Amino acid sequence: MYKSPIIRKVKEATKIMDPMKKDLEPTLLDFGPVQFYIPRFFGFCYGVENAIDIAYRTVAENPDKNIYLLSEMIHNPTVNEDLLKKGVKFLFDTDGTERIPISSLNADDIVIVPAFGTTIEIQEQLKEVGIDPYQYNTTCPFVEKVWKRGKQLGKKDYSLVVHGKHQHEETRATFSHSADHSEVVVVLNPEEAQILADILTEDRPLSDFEKYFGHKSTPGFNPLEDMIRFGVINQTTMLATETQRVMEILREAAIKRYGEADILDHFADTSDTLCYATNENQSATLALAETDSDLAIVVGGYNSSNTMHLVEILEHQFPTYHVRDKGELSPGTIKHFNQWDKEMKESNNWLPSGKEPLKIALTSGASCPDILVDEVLLQVLDYFEGTREADEVIAPFEDKMEAEEA
């Protein structure tokens with residue numbers, strides 16, 4: 001139900017033409033009076049597809065059982081609302097607020113762990129009521145890769161700096177798993193990384209640590225003692241370029257404190273833990289930002305971290321609108337989420353007049369079904385006269401797919 005007749009064919013055709021994933025050039029879909037630039041990589045990643053597949057298969061195979069999700073399966077309201085309609089219930093809100101006590105469950109109930117993973121504490125609570133937290137585990141393999149790398153470093157007495165949003169489900173899970181073996185502190189961005197770096201080099205007083213990081217670090221964390229050996233890991237949906245910058249800032253601080261000759265004994269290289277899908281999507285979005293688009297539409301959940309980062313990239317180049325689905329669009333007005341003010345906005349006259357063709361950059365977050373992108377594209381086409389039929393525009397892509405199959 002989440003596959004699309006338009007976007008899916010573009011993705012599959014570009015995959016055939018660029019099997020080595022080296023070409024980041026966006027695809028232009030020419031409908032006449034309006035054109036769409038489609039990035040090389042966007043939308044569902046492997047971790048999200050895997051999570052959805054497990055969730056729906058679990059529901060189909062267990063019609064007579066109570067099925068629970070720990071929290072949102074992924075940060076997409078369409079997917080979560082559909083699962084709720086199928087009788088699935090959420091145990092927690094995305095902020096960790098309890099909806100249904102785990103203690104009220106029994107061993108016959110099914111609990112699905114979402115793509116973000118979960119904390120060790122919740123795993124133990126599930127075990128206490130006789131539920132195996134790993135039987136229906138949809139945790140993204142790349143999140144688990146971060147946890148494994150952190151554990152490897154913990155065995156060598158490294159502390160961990162997590163680049164992420166400390167209230168995000170994935171970061172809460174990563175913090176929990178990391179704190180099981182290491183001292184941990186969370187930084188939100190390069191600015192916070194610089195504050196931590198200045199404390200490490202004693203260019204800031206140690207008392208600043210409690211002010212900025214006391215609420216998102218393990219008890220008693222002291223950077224002057226706990227960051228003698230440390231590594232940086234991340235929430236996989238953060239901007240990869242930001243994580244790399246965080247790493248650079250803290251590495252430079254370690255060099256300043258301990259000397260460059262011995263840096264390998266103090267700072268671990270963890271760049272291999274960055275999620276390849278997040279990197280691909282963000283790189284493709286940077287290429288999309290270089291087009292001559294008149295505006296951009298980004299489709300995705302309003303609490304989706306990776307979607308917001310795509311918006312952040314594009315909004316520096318042209319007017320960019322973050323929408324949940326086609327329901328936010330009308331010819332004269334568009335409703336869109338503003339992540340900086342954390343509220344919905346309405347923009348009038350959002351489709352510039354007198355431009356022909358009007359060029360629109362169109363993309364979506366990793367938790368957004370392609371069908372929602374299709375629907376937004378078709379909704380926009382409905383506002384223009386004399387557009388080419390979708391079948392005609394997509395025909396060349398179908399020809400490439402058929403040629404490959406032959």
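I began with helix α11 (residues 276–288) and helix α12 (residues 305–314), which pack at an angle of about 25° with their axes 9 Å apart; the axes are lines fitted to C-alpha atoms over the stretch in contact, and angles run from 0 to 180 degrees between N-to-C directions. Helices here are DSSP runs (H or I, at least four residues), as are strands (E, at least two), numbered from the N terminus. The model is predicted, so I kept in mind that local features need pLDDT of at least 70 and side-chain atom pairs pLDDT 80 or more, while totals for chains, interfaces and linings use all residues. Residues are numbered from 1 along each chain as its sequence is written, and side-chain values use heavy atoms, without hydrogens and water.

I noted that α11 and α12 are therefore roughly parallel (angles under 35 degrees). On contacts (heavy atoms within 4.5 Å), I found Asn281, Gln282, Thr285, Leu286 and Leu288 of α11 meeting His309, Leu310, Ile313 and Leu314 of α12.

Next I looked up the largest nonpolar core, which has 34 residues, with Leu29, Phe36 and Ile297 making the most contacts inside it; such a core is a set of buried Ala, Val, Leu, Ile, Met, Phe, Trp, Tyr and Cys residues joined through side-chain atoms within 4.5 Å, where buried means under 20% relative accessible area with a 1.4 Å probe, protein chains only. I recorded that α13 gives the most to this core, with six residues.

Leaving aside neighbours within four places in sequence, I listed the contacts of Phe36, among them Leu29, Phe31, Ile360 and Leu377.

Key
Angles under 35 degrees count as roughly parallel, over 145 as roughly antiparallel, 65 to 115 as roughly perpendicular and the rest as oblique. Buried means under 20% relative accessible area, exposed over 50%, partly exposed in between (1.4 Å probe, protein chains only).
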